[in-house]
Amino acid sequence: MRRYAIPAFFLTPATVLIVLFFMVPVVATLLLSFTDISTTTLSKPSWVGLGNYRDLLADPFLKKILANTGKYVALTLLFNVGMGLVLALLTSLVPSQIGDQFRALWLLPRILPPVVYVFIWQGLLTQAPMGLVSDLLGVSKNWIAAAPWSVVILANGMVGASFGMLIFTSAIRAISRELFYAAAVDGATTWQTVRRVILPLLSWPILFVTAYQTLSLLTSFEYILLLTDGGPGFYTTEVWSLRAYHLALSNYFGNVEFGLGAAMAAVLVLIGILVSLFYLKIFNFQNLVVEPKVEVN
Amino acid sequence: MPIRPPSWRLILIVLGLITLPIGVGTLWLLLTALFNQVHGLLPVGNINFGNWRFLWEGSINGRPPIWVALFNSILFAATVAFIEVLVASMAAYAISRMNFPGRRLYLGMILVLHAFPAVSLLIAIYYILRVLGLFDTLFGVILVKASLEIPLGIWLMKGFFDNLSWEMEMAALVDGASRWTVFRKVALPLVRPGILALGTFALLSAWGEFILPYTLIVSGKSWTLALYLQSFLRESFVDYGMMAAVGLFYALPVFVFFLLGQKYLLNIYSGGVKG
Amino acid sequence: MIKGTDVTLRGLSKRFGKVWALKGLDLEVQAGELVAFLGPSGCGKTTTLLLIAGIYRPTTGEIHFGERRVDHLHPKDRDVGMVFQSYALYPHLTLFENIAFPLRLKKVPDAEVKSRVQSTADLLGIGHILNRRPAQVSGGQQQRAALARALVKEPQLLLLDEPLSNLDAQIRLSARAEIRRLQRDLGVTAILVTHDQAEALAMADRVAVFSTGELQQFATPDELYRKPKNTFVASFVGAPPMNLIEGVFKERAFEAGGFRQGLEGPHPQGQGWLGIRPEDIELRAEGTPATVLVVEPLGREALVMVESGGVRLQVLVPAEAKPAPDQQIHLHLPAEKLHYFDRTGTRVGP
């Protein structure tokens with residue numbers, strides 16, 4: 001009995017929490033997406049089958065949302081990976097203590113509370129005299145309203161760039177010294193070393209960061225919510241995940257369309273499951289499981 | 001890189017330029033919080049503590065006192081970190097060091113959940129908390145926050161437990177310890193670096209958490225600092241001075257931590273903690 | 001005083017996945033005896049030790065300590081002390097707390113813990129460094145601390161897994177003698193796992209030689225040396241190893257290529273091995289002609305590699321009598337020092 005009871009004891013707390021807040025929500029998202037649950041039908045929702053999904057396809061703004069989502073994910077990803085790569089390379093080329101300092105600075109946007117981080121953006125981009133950008137450009141306006149997309153992508157990108165930066169830096173550090181010495185002996189310039197030695201060896205980490213961040217960008221909306229809340233105006237920066245959130249949890253018109261929001265979330269959940277399973281495959285799972293050397297529990 | 005390029009000083013300047021916005025933003029927050037008027041980065045008034053009156057004036061525009069929010073934030077972050085470390089360590093120890101049927105399956109599930117974007121479950125979680133009667137309670141949000149990071153925590157801690165010596169574990173068993181005693185007296189003390197890493201990560205992450213309390217908490221008495229600060233953004237007239245002061249107050253532990261433990265932070269975030 | 005227990009292993013087997021690490025082991029260790037498990041790595045000796053300790057569960061078979069059957073018991077209920085190759089001291093605890101660990105788990109009162117730890121540590125000569133951590137003391141002291149931790153709870157059985165292999169050669173010799181002395185004084189039954197045949201022969205009352213998961217021979221060091229049961233034991237026990245020549249036994253002679261050795265008395269027939277230890281071969285004025293290939297001076301003696309009729313042999317000679325390379329010499333293989341093995345490698349004859 002001890003054989004099962006002891007591991008079960010160790011695993012129970014984690015399992016309960018995972019079931020409660022991962023497994024049940026996945027099922028609940030799918031189930032809710034098949035009902036017409038909303039503010040008016042909260043107590044007894046009825047089954048509508050694929051009704052919500054039909055509504056979703058018929059939504060006149062669907063195209064706009066999809067385009068926004070594509071734009072947001074693609075451009076932010078480009079910034080994240082590109083900036084991550086630039087930072088990793090540049091901080092590797094300077095003396096390592098200085099490089100560490102810069103990398104640490106780039107962690108700041110990530111560890112700052114999002115509300116504080118977004119507030120700083122708002123402050124810098126507000127009208128003169130307070131707003132620095134208005135001050136410097138001599139044109140006083142609210143730059144978030146004037147150029148919402150640039151702000152959304154830059155603000156998200158500065159948070160996300162550190163992820164790639166750290167992964168690429170570890171990858172560069174893992175390259176054997178001999179390779180650099182060999183390149184130097186062969187007369188390669190720094191740029192040639194970067195292009196012919198480092199970049200080819202970074203292709204796998206780049207793929208990893210791209211895949212990983214695509215999924216998290218697709219589902220994250222925290223910074224957009226705080227910066228523009230999908231505006232300014234009508235759906236200017238509203239992306240899929242934010243739209244789902246708005247529909248289900250904070251509808252402007254007071255009628256929360258929970259079922260429809262759940263249907264949009266369900267699409268993300270399904271994508272999430274598929275992509276995560278795909279990671280499991282490329283992570284080479286077999287190597288991660290080593291048999292324990294103690295057999296008694 | 002082992003070989004420093006001849007033009008590294010030039011590279012340093014480039015690095016400085018692209019990093020400038022981070023410095024500027026931080027400086028702006030500091031100046032705006034401290035002076036009564038700031039033009040861009042130029043303070044034009046005197047040092048002004050009026051921005052900080054939320055500290056002694058009880059309630060600002062009908063908000064709960066900031067001390068309530070501070071207390072909630074501390075409670076929230078500390079409890080989340082504690083639950084996360086304890087629950088993840090226990091599970092990670094079992095997965096890493098014990099023999100039981102379904103072990104591979106469990107590990108596979110953790111790996112999938114680790115990559116899975118939990119925020120997409122928010123709508124269902126809102127519903128579940130309502131059903132459980134935990135909606136609008138700090139405890140409910142604590143459970144949710146800790147749970148969503150548990151796969152990551154298990155993954156991180158498993159890596160640390162994997163590296164413990166098997167002979168030491170065998171020695172403890174022969175010395176008369178049960179697995180629970182081995183875990184508590186031998187394994188946990190030895191994975192202290194992992195506990196510190198996960199604990200730090202969890203504290204920082206919970207301290208900054210916005211979307212969960214924003215969605216799952218309504219009443220002011222359960223507000224965290226994130227909600228307190230965000231409530232200023234919804235006002236028609238934004239008092240930048242006071243907001244900056246609140247923001248600085250809220251972010252102060254993070255800044256202090258950042259100044260004291262840069263190297264440590266880099267290690268934690270390079271060590272596979274996702275972002 | 002500690003009183004040791006008998007240990008009986010019956011039909012003990014262990015399988016990992018598809019690999020049998022141990023096959024049907026029957027073995028009896030008597031109370032107070034020191035038995036060495038000897039063999040190359042992967043032979044099953046450590047597996048057996050961990051089965052006895054309770055870290056592994058046997059696939060089949062039984063383990064008894066005296067009258068008590070223990071194979072279903074948790075390690076903590078078996079009352080054994082164990083010393084590991086890496087010593088496995090707890091790095092976060094002082095030596096005192098390391099040694100006290102088993103007592104603390106048994107909820108022994110503080111005062112008693114203190115006196116027992118101190119007296120055990122004094123016995124091992126580390127009583128003065130108990131407030132240090134493992135990383136702050138030498139390898140020899142760590143080894144003693146590990147031994148103290150194993151002994152402090154006065155176990156009936158002491159298990160030693162390569163306890164000396166991480167020590168410097170100099171300390172190793174004194175540690176051997178000390179473990180032996182302690183074990184005898186305390187009367188505890190002990191099992192020593194080692195790959196070092198010299199260590200096994202020097203320390204053990206009896207030695208169990210393992211190979212590929214099977215017990216090859218279980219005997220006193222003297223018998224192992226004089227009457228190895230098969231070619232594996234013959235080649236594994238003794239340094240330099242016994243010369244084993246594969247060839248054919250004929251009427252009163254053994255032939256292998258151009259090598260020929262006359263035999264007296266009863267001997268096997270057909271394919272088989274002829275064995276002789278390097279120290280048993282003599283150089284004489286007359287006998288089997290051979291050519292010296294290499295001479296390795298070992299100090300007091302010299303190890304000489306010779307070739308005779310296509311067969312290579314190692315010969316141990318006194319240093320002052322060592323021949324020169326390429327020299328032609330004559331070998332004498334005394335009849336009473338020859339070992340005969342049949343085609344399966346099993347000893348034939350007395």
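Student: Which residue is the bridge partner of C:Arg10 in β4(C)?
Tutor: That's C:Glu62. Before going on: this is a predicted model, where local features need pLDDT of at least 70, side-chain atom pairs count only at pLDDT 80 or more, and totals for chains, interfaces and linings use all residues. Residues are numbered from 1 along each chain as its sequence is written, while chains are lettered from A and ligands numbered from 1 in the order in which they are written.

Student: How many bridges join strand β1 and strand β4 of chain C?
Tutor: Two strands pair if DSSP finds at least two bridges between them. Strands are DSSP runs of E, at least two residues, and helices are runs of H or I, at least four, numbered from the N terminus. Here β1 (residues 7–16) and β4 (residues 60–65) of chain C pair over five bridges, in the antiparallel sense. They sit in an open sheet of four strands, ordered β2-β1-β4-β5, with β2 (19–29) and β5 (68–69) of chain C as the edge strands.

Student: Why does B:Pro65 count as partly exposed?
Tutor: A residue is buried if 20 or more other C-beta atoms, placed from the backbone, lie within 10 Å of its own, exposed if 12 or fewer, and partly exposed in between. B:Pro65 is partly exposed because it has 17 C-beta neighbours inside 10 Å. You'll find B:Pro65 in the loop between β2 (42–43) and α2 (66–97) of chain B.

Student: How many residues of chain B are in contact with chain A?
Tutor: Contact means C-beta atoms, placed from the backbone, within 7 Å. By that rule, 86 residues of chain B contact 90 residues of chain A.

Notes: Contact = placed C-beta atoms within 7 Å.
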